[in-house]
Amino acid sequence: MSVHPENPIIVALDYADARQALEFVEQLEPGRCQLKVGKELFTRSGPSIVEMLTKKGFRVFLDLKFHDIPNTTAQAVLAAADCGAWMVNVHACGGRPMMEESARRLRDHGHDTLLIAVTVLTSMDDIQLRQTGINASPAEQVMHLAALTEQSGLDGVVCSAQEAVMLREALPLDFKLVTPGIRPSFAEKGDQQRIVTPAKALLDGSDYLVIGRPITRAEDPMQALVLIEQEIATVRG
Ligand SMILES: O=C(O)c1cc(=O)[nH]c(=O)n1[C@@H]1O[C@H](COP(=O)(O)O)[C@@H](O)[C@H]1O
(Lines give C-alpha, C1' and ligand atoms only; values in the text may rest on other atoms or scores of the structure.)
Protein backbone atom coordinates (compact mmCIF):
# COMPACT_ATOMS: atom_id res chain seq x y z
CA MET A 1 0.00 0.00 0.00
CA SER A 2 1.56 3.28 -1.05
CA VAL A 3 0.14 6.15 0.99
CA HIS A 4 2.14 8.98 -0.55
CA PRO A 5 4.93 9.35 -3.12
CA GLU A 6 7.08 10.58 -0.27
CA ASN A 7 6.04 8.17 2.48
CA PRO A 8 6.18 9.93 5.87
CA ILE A 9 6.67 6.87 8.10
CA ILE A 10 10.05 6.16 9.64
CA VAL A 11 9.94 2.90 11.59
CA ALA A 12 12.34 2.94 14.55
CA LEU A 13 14.10 -0.43 14.48
CA ASP A 14 14.67 -0.47 18.23
CA TYR A 15 15.56 -4.15 18.32
CA ALA A 16 18.30 -5.75 20.38
CA ASP A 17 20.13 -7.25 17.43
CA ALA A 18 20.35 -7.42 13.65
CA ARG A 19 18.58 -10.80 13.44
CA GLN A 20 15.40 -9.47 15.06
CA ALA A 21 15.55 -6.25 13.04
CA LEU A 22 16.01 -8.12 9.75
CA GLU A 23 13.21 -10.57 10.57
CA PHE A 24 10.88 -7.59 10.84
CA VAL A 25 12.26 -5.86 7.74
CA GLU A 26 11.76 -9.03 5.66
CA GLN A 27 8.02 -8.37 5.84
CA LEU A 28 8.32 -4.81 4.46
CA GLU A 29 8.89 -3.11 1.13
CA PRO A 30 10.96 0.08 0.85
CA GLY A 31 7.97 2.00 -0.61
CA ARG A 32 6.12 1.73 2.69
CA CYS A 33 8.53 3.42 5.06
CA GLN A 34 12.00 4.58 5.92
CA LEU A 35 13.91 2.77 8.67
CA LYS A 36 15.66 4.22 11.69
CA VAL A 37 18.71 2.56 13.20
CA GLY A 38 19.33 3.83 16.70
CA LYS A 39 21.93 3.50 19.40
CA GLU A 40 21.13 -0.02 20.62
CA LEU A 41 20.98 -1.73 17.23
CA PHE A 42 23.97 0.20 15.88
CA THR A 43 26.09 -0.50 18.95
CA ARG A 44 25.31 -4.21 18.75
CA SER A 45 25.55 -4.70 15.01
CA GLY A 46 27.77 -1.88 13.68
CA PRO A 47 27.70 -0.03 10.37
CA SER A 48 26.96 -3.23 8.43
CA ILE A 49 23.29 -3.02 9.45
CA VAL A 50 22.99 0.34 7.66
CA GLU A 51 24.65 -1.09 4.57
CA MET A 52 22.38 -4.17 4.61
CA LEU A 53 19.19 -2.13 4.89
CA THR A 54 20.35 0.32 2.23
CA LYS A 55 21.13 -2.58 -0.12
CA LYS A 56 17.55 -3.79 0.35
CA GLY A 57 16.44 -0.42 -1.00
CA PHE A 58 15.45 1.29 2.28
CA ARG A 59 16.37 4.85 3.18
CA VAL A 60 18.06 4.69 6.57
CA PHE A 61 17.94 7.37 9.26
CA LEU A 62 21.01 6.72 11.42
CA ASP A 63 19.90 8.15 14.75
CA LEU A 64 23.03 8.45 16.87
CA LYS A 65 22.30 12.01 18.11
CA PHE A 66 25.90 13.20 18.08
CA HIS A 67 26.83 15.89 20.63
CA ASP A 68 30.51 16.75 21.02
CA ILE A 69 33.06 19.41 20.08
CA PRO A 70 32.68 20.61 16.47
CA ASN A 71 35.50 18.59 14.88
CA THR A 72 34.58 15.32 16.60
CA THR A 73 30.91 15.70 15.76
CA ALA A 74 31.57 16.66 12.14
CA GLN A 75 33.80 13.62 11.65
CA ALA A 76 31.17 11.34 13.20
CA VAL A 77 28.49 12.84 10.94
CA LEU A 78 30.77 12.25 7.96
CA ALA A 79 31.33 8.62 9.04
CA ALA A 80 27.56 8.14 9.29
CA ALA A 81 27.08 9.53 5.79
CA ASP A 82 29.89 7.30 4.49
CA CYS A 83 27.89 4.27 5.77
CA GLY A 84 25.15 5.22 3.35
CA ALA A 85 22.73 6.85 5.81
CA TRP A 86 19.99 8.94 4.20
CA MET A 87 19.52 11.06 7.33
CA VAL A 88 21.72 11.67 10.38
CA ASN A 89 21.28 13.76 13.50
CA VAL A 90 23.08 15.81 16.13
CA HIS A 91 21.84 17.55 19.30
CA ALA A 92 21.10 21.23 18.57
CA CYS A 93 22.28 22.15 22.08
CA GLY A 94 25.80 21.23 20.88
CA GLY A 95 25.78 24.75 19.44
CA ARG A 96 26.07 26.64 16.18
CA PRO A 97 29.77 25.99 15.38
CA MET A 98 29.19 22.25 15.88
CA MET A 99 26.19 22.23 13.56
CA GLU A 100 27.81 24.50 10.95
CA GLU A 101 30.98 22.43 10.86
CA SER A 102 28.97 19.19 10.48
CA ALA A 103 26.94 20.62 7.59
CA ARG A 104 30.11 21.98 5.93
CA ARG A 105 31.94 18.63 6.25
CA LEU A 106 29.06 16.82 4.53
CA ARG A 107 28.96 19.39 1.71
CA ASP A 108 32.75 19.34 1.24
CA HIS A 109 32.61 15.56 0.81
CA GLY A 110 29.76 15.73 -1.70
CA HIS A 111 27.17 14.03 0.53
CA ASP A 112 23.49 14.86 0.14
CA THR A 113 22.67 13.11 3.45
CA LEU A 114 20.00 15.02 5.38
CA LEU A 115 21.44 16.53 8.56
CA ILE A 116 18.91 17.32 11.26
CA ALA A 117 19.14 18.40 14.90
CA VAL A 118 17.29 17.16 17.95
CA THR A 119 15.69 20.09 19.82
CA VAL A 120 14.03 18.94 23.08
CA LEU A 121 13.57 15.18 23.42
CA THR A 122 9.93 14.11 23.20
CA SER A 123 10.32 12.25 26.50
CA MET A 124 10.83 15.57 28.32
CA ASP A 125 8.21 17.81 29.91
CA ASP A 126 8.47 21.20 31.67
CA ILE A 127 9.65 19.66 34.94
CA GLN A 128 12.41 17.57 33.38
CA LEU A 129 13.57 20.53 31.31
CA ARG A 130 13.77 22.74 34.42
CA GLN A 131 15.80 20.02 36.16
CA THR A 132 18.46 20.48 33.47
CA GLY A 133 18.67 24.21 34.23
CA ILE A 134 16.49 25.43 31.36
CA ASN A 135 13.64 27.62 32.55
CA ALA A 136 11.96 28.02 29.16
CA SER A 137 8.95 25.81 28.36
CA PRO A 138 9.59 22.88 25.97
CA ALA A 139 7.84 24.84 23.18
CA GLU A 140 9.99 27.96 23.74
CA GLN A 141 13.18 25.92 23.88
CA VAL A 142 12.23 23.98 20.73
CA MET A 143 11.55 27.25 18.88
CA HIS A 144 14.87 28.68 20.01
CA LEU A 145 16.89 25.59 19.00
CA ALA A 146 15.02 25.13 15.70
CA ALA A 147 15.85 28.71 14.68
CA LEU A 148 19.49 28.11 15.62
CA THR A 149 19.48 24.89 13.59
CA GLU A 150 18.07 26.66 10.54
CA GLN A 151 20.62 29.50 10.86
CA SER A 152 23.36 26.85 11.05
CA GLY A 153 22.39 25.53 7.62
CA LEU A 154 20.90 22.15 8.62
CA ASP A 155 17.98 20.50 6.82
CA GLY A 156 15.55 20.26 9.71
CA VAL A 157 14.86 19.31 13.30
CA VAL A 158 13.58 16.48 15.42
CA CYS A 159 10.81 17.78 17.68
CA SER A 160 7.41 16.77 18.99
CA ALA A 161 4.52 17.19 16.58
CA GLN A 162 3.02 19.34 19.35
CA GLU A 163 5.45 22.01 18.17
CA ALA A 164 4.90 21.49 14.42
CA VAL A 165 2.34 24.26 13.83
CA MET A 166 4.52 26.84 15.55
CA LEU A 167 7.64 25.78 13.63
CA ARG A 168 5.84 25.62 10.29
CA GLU A 169 4.76 29.24 10.71
CA ALA A 170 8.21 30.45 11.66
CA LEU A 171 10.57 28.47 9.41
CA PRO A 172 10.95 27.87 5.65
CA LEU A 173 8.62 25.29 4.12
CA ASP A 174 11.45 23.00 3.04
CA PHE A 175 12.84 22.84 6.61
CA LYS A 176 12.10 19.25 7.64
CA LEU A 177 10.12 18.46 10.79
CA VAL A 178 10.86 14.93 11.94
CA THR A 179 8.53 13.99 14.77
CA PRO A 180 8.83 11.05 17.19
CA GLY A 181 6.43 10.66 20.14
CA ILE A 182 3.78 9.46 17.69
CA ARG A 183 1.04 7.47 19.36
CA PRO A 184 -1.91 6.04 17.43
CA SER A 185 -5.05 5.62 19.54
CA PHE A 186 -4.29 1.89 20.07
CA ALA A 187 -0.80 2.46 21.51
CA GLU A 188 0.55 3.13 24.99
CA LYS A 189 2.36 6.36 25.87
CA GLY A 190 5.32 4.60 27.55
CA ASP A 191 8.17 6.99 28.39
CA GLN A 192 7.08 9.61 25.84
CA GLN A 193 5.59 12.85 27.18
CA ARG A 194 4.79 15.14 24.22
CA ILE A 195 2.72 12.74 22.07
CA VAL A 196 0.48 13.24 19.00
CA THR A 197 -1.48 10.86 16.73
CA PRO A 198 -0.15 10.14 13.22
CA ALA A 199 -2.97 12.00 11.44
CA LYS A 200 -2.73 15.10 13.61
CA ALA A 201 1.06 15.20 13.28
CA LEU A 202 0.76 15.33 9.48
CA LEU A 203 -2.08 17.85 9.51
CA ASP A 204 0.03 20.07 11.75
CA GLY A 205 2.99 20.03 9.36
CA SER A 206 5.25 17.09 10.22
CA ASP A 207 7.25 15.77 7.27
CA TYR A 208 8.25 12.46 8.83
CA LEU A 209 6.72 10.44 11.67
CA VAL A 210 9.17 8.35 13.70
CA ILE A 211 7.27 5.37 15.11
CA GLY A 212 8.81 2.59 17.15
CA ARG A 213 7.02 0.57 19.82
CA PRO A 214 3.47 1.14 18.53
CA ILE A 215 4.62 -1.02 15.59
CA THR A 216 7.57 -3.09 16.78
CA ARG A 217 6.03 -4.09 20.14
CA ALA A 218 2.54 -4.64 18.77
CA GLU A 219 1.20 -8.20 18.91
CA ASP A 220 1.00 -8.05 15.11
CA PRO A 221 3.50 -5.41 13.89
CA MET A 222 2.37 -5.61 10.26
CA GLN A 223 -1.26 -5.07 11.26
CA ALA A 224 -0.22 -2.09 13.40
CA LEU A 225 1.61 -0.61 10.41
CA VAL A 226 -1.44 -1.12 8.19
CA LEU A 227 -3.66 0.66 10.75
CA ILE A 228 -1.25 3.59 10.82
CA GLU A 229 -1.10 3.68 7.00
CA GLN A 230 -4.89 3.76 6.89
CA GLU A 231 -5.00 6.62 9.37
CA ILE A 232 -2.44 8.54 7.34
CA ALA A 233 -4.32 7.91 4.10
CA THR A 234 -7.37 9.69 5.58
CA VAL A 235 -5.45 12.95 5.79
CA ARG A 236 -3.23 12.57 2.74
CA GLY A 237 -5.87 11.39 0.27
O1 LIG B 1 15.89 11.38 17.39
C2 LIG B 1 14.93 10.61 17.57
O3 LIG B 1 14.60 9.81 16.71
C4 LIG B 1 14.13 10.79 18.79
C5 LIG B 1 14.11 12.06 19.33
C6 LIG B 1 13.20 12.38 20.36
O7 LIG B 1 13.09 13.53 20.82
N8 LIG B 1 12.38 11.39 20.82
C9 LIG B 1 12.43 10.10 20.35
O10 LIG B 1 11.62 9.27 20.80
N11 LIG B 1 13.34 9.79 19.37
C12 LIG B 1 13.45 8.39 18.89
O13 LIG B 1 12.21 8.00 18.28
C14 LIG B 1 11.89 6.65 18.61
C15 LIG B 1 10.53 6.64 19.24
O16 LIG B 1 10.17 5.34 19.57
P17 LIG B 1 8.77 4.96 20.20
O18 LIG B 1 8.57 5.83 21.41
O19 LIG B 1 8.92 3.52 20.53
O20 LIG B 1 7.74 5.25 19.13
C21 LIG B 1 12.99 6.12 19.50
O22 LIG B 1 13.86 5.35 18.69
C23 LIG B 1 13.72 7.36 20.00
O24 LIG B 1 15.10 7.15 20.12
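Colleague: How far apart are the end C-alpha atoms of residues 8-228?

Modeller: They lie 11 Å apart in this predicted model. The span is 43% helix and 16% strand.

Colleague: What does UniProt list for residues 8-228?

Modeller: The UniProt entry, which is unreviewed, gives them as "domain: Orotidine 5'-phosphate decarboxylase".

Colleague: Now the strands. In what order do the eight close into a barrel?

Modeller: The order is β1-β2-β3-β4-β5-β6-β7-β8, with parallel pairing. On average, neighbouring strands of this sheet are turned by 25 degrees against each other, ignoring direction.

Colleague: Take one pair. How many bridges join β4 to β5?

Modeller: Five bridges link β4, residues 87-91, with β5, residues 114-118. Within that pair, asparagine 89 stands opposite isoleucine 116 of β5.

Colleague: Different topic. Which residues are closest to the ligand?

Modeller: The closest are Ala12, Leu121, Pro180, Gly212 and Arg213, out of 19 residues that surround the ligand. Elements giving two or more residues to this shell are β3 (60-66), β8 (208-211) and α10 (213-216).

Colleague: And what is the shell around the ligand like by class?

Modeller: Eight of its residues are nonpolar, seven are polar and four are charged.

Colleague: Back to β3. What is the phi of lysine 65 in that strand?

Modeller: Lysine 65 has a positive phi of about 45 degrees, although this residue is not a glycine.

Colleague: Why is lysine 65 called partly exposed?

Modeller: Because 16 other C-beta atoms lie within 10 Å of its own. A buried residue would have 20 or more, and an exposed one 12 or fewer.

Methods:
Residues are numbered from 1 along each chain as its sequence is written. This is a predicted model: local features need pLDDT of at least 70, side-chain atom pairs count only at pLDDT 80 or more; totals for chains, interfaces and linings use all residues. A residue is near a molecule or strand if its C-beta atom, placed from the backbone, lies within 6 Å of it. Helices (H or I, at least four residues) and strands (E, at least two) are DSSP runs, numbered from the N terminus. Ala, Val, Leu, Ile, Met, Phe, Trp, Tyr, Cys and Pro count as nonpolar, Asp, Glu, Lys and Arg as charged, and the others, Gly among them, as polar. UniProt positions are given in the numbering used here, feature names are shortened, and annotations may be inferred rather than shown by experiment. Two strands pair if DSSP finds at least two bridges between them. Axes are lines fitted to C-alpha atoms, for helices over the stretch in contact, and angles run from 0 to 180 degrees between N-to-C directions.
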